[in-house]
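Me: I have a structure open and want to go through it with you. Can we take it piece by piece?

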Amino acid sequence: MEFNEFAINKLMYVTNRPEIVFTEGSGMWMTDHTGKRYLDYLQGWAVNALGHAPKCIEEALVAQSKKLINPSPAFYNAPSIELANLLTENSVFDRVFFANSGAEANEGAIKLARKWGKVNKNNQGEDRFEIITFNHSFHGRTIATMSASGKPGWDTMFAPQVPGFLKAELNDLASVERLISKKTVAVMLEPVQGEGGVIPATREFMQGLRRLTKNANLLLIVDEVQTGVGRTGELFAYQLSGIEPDIMTLGKGIGGGVPLAALLAREEIACFEAGEQGGTYNGNPLMTAVGAAVIKELLKPDFLPTVKATGEYLSAELIKLSDKHGFEGERGEGLLRALKLGKDIGPQIVEAARDLQPLGLLLNSPRPNLLRFMPSLNVTKDEIDQMLTMLEGVLVQLGH
Ligand SMILES: *Cc1c(COP(=O)(O)O)cnc(C)c1O
């Protein structure tokens, strides 16, 4: 089929897309409508934790679709109970609320923090509702999560914003301290800013934030939609800094490609009352069965150590590439990494890599001077070498 035979104009315009229709995926590879294959370092935007079309997801979907797809959120179902147990047994959290997207999980975290701030008022007996977030952060595309995000331009895009979000600087504890008032209820951050350009919060900063929030009786919320579920080589990125947050959100990788997200909290924080939180699809057995299959795969003894080792390999190889081409090095955690190009050639590289023949390469440039790598967590060293060879070819072709 030719591209112009697809009636693409019936899709609402929201972004510029290349003239490619993807039809199949397997592991690290995706195939388009012409049969051309692409080595995929986007993986659904850091979503396909186990690559395209892994057997365990196919099996979970098929088995669960034959049993029960949605009994309604007013009733318990077995897969959601199993997944909630897997998540709490392997984290510092006690209670889980399932959602359908990262933004929705973050909305839930904001609501839970505001509710907690009504229960735990300030010493003048007033509700607390302000949440300190960070410049360049990304928390989603609902009105409240856009307001929480620190993306330049987002404060006026759909004005007026939801009030109550103050922006501090990542890795600058004093900038957080300055914003704390009698209205503050929480601090919310990504342990590694993903969309902002793969900028890790330092271990000292995370530990400092935990001390600061504990002393000021504030909640610490980690948005692990991108960093959670094995991406950094730990099951959750907060474990890298040895702290215990109060609330965590998950999305992306937890569904291995299907829409699933989660809001987790410690027992004493989980203060929703009947009717305050819910959703028609939330915790449905079809998606939570997939989530349970993904987490069980990650909990196999060799899985996370291998993510760590592969991440170190990718890091070392990117440094070599950077040295060779006079770039500015790389950064990241585990298998969420960025190559610092030092000049605004990211979009040009992304396009040329995609157009390579006969095999294409899918990369991402979250900022024009960066390339971001977010392969499946089970990517092999061979697939990293192949990507580097292709990228090298593009750099030579473009004269970089
Ligand atoms: C992707 C992302 C979100 C939003 O998730 P959606 O599923 O797109 O709503 C929120 N926070 C972070 C850190 C993300 O990377």
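**Loops, domains and ligand**

Reply: Pro160 sits in the loop between α6 (154–157) and β6 (165–168). Helices (H or I, at least four residues) and strands (E, at least two) are DSSP runs, numbered from the N terminus. This is a predicted model, where local features need pLDDT of at least 70 and side-chain atom pairs count only at pLDDT 80 or more, while totals for chains, interfaces and linings use all residues. Residues are numbered from 1 along each chain as its sequence is written, and side-chain values use heavy atoms, with hydrogens and water left out.

Me: What is the peptide bond from Ala159 to Pro160, cis or trans?

Reply: That bond is cis, with omega near 0°. Gln357 and Pro358 are also joined by a cis peptide bond, with omega about 0°. Pro358 is in the loop between α11 (346–354) and β15 (360–362).

Me: On to the ligand. Which residues are around it?

Reply: Ser101, Gly102, Ala103, Asn106, Phe138, His139, Gly140, Glu190, Asp223, Val225, Gln226 and Lys252. A residue is near a molecule if one of its heavy atoms lies within 4 Å of it. So Lys252, with its positive phi, is part of this shell by that definition.

Me: How do those residues divide by type?

Reply: The shell has 3 nonpolar, 6 polar and 3 charged residues. Ala, Val, Leu, Ile, Met, Phe, Trp, Tyr, Cys and Pro count as nonpolar, Asp, Glu, Lys and Arg as charged, and the others, Gly among them, as polar. Helix α4 (residues 102–119) gives the largest share, 3 residues.

Me: Which polar atoms come up against the ligand?

Reply: A polar backbone atom of Ala103 is 2.8 Å from a ligand oxygen. A ligand nitrogen lies 3.3 Å from a backbone N or O atom of Phe138. In the side chain of Gln226, an N or O atom is 2.8 Å from an oxygen of the ligand. Taken alone the ligand exposes 380 Å², and the protein buries 81% of that. These areas come from the Shrake-Rupley method with a 1.4 Å probe.

Me: Different topic. Is Glu330 buried or exposed?

Reply: Buried, because its relative accessible area is 15%. Glu330 lies in strand β13 (residues 330–333).

Me: Which side chains does the Glu330 side chain make polar contacts with?

Reply: Ser315, at 2.8 Å, and Arg337, at 2.6 Å. A polar contact is a pair of N or O atoms within 3.5 Å; within protein, one must be able to donate a hydrogen and the other to accept it, and residues adjacent in sequence count only if both atoms are side-chain atoms. Leaving aside neighbours within four places in sequence, Glu330 is in contact (heavy atoms within 4.5 Å) with residues including Leu318, Ile319 and Lys340.

Me: Last one: what are the domains?

Reply: Domain 1 is 3–54 + 302–398 and domain 2 is 55–298. The bounds come from an automatic or database domain assignment. Their C-alpha centres lie 27 Å apart, and the contact takes 27 residues from domain 1 and 30 residues from domain 2.

Technical notes
Buried means under 20% relative accessible area, exposed over 50%, partly exposed in between (1.4 Å probe, protein chains only).
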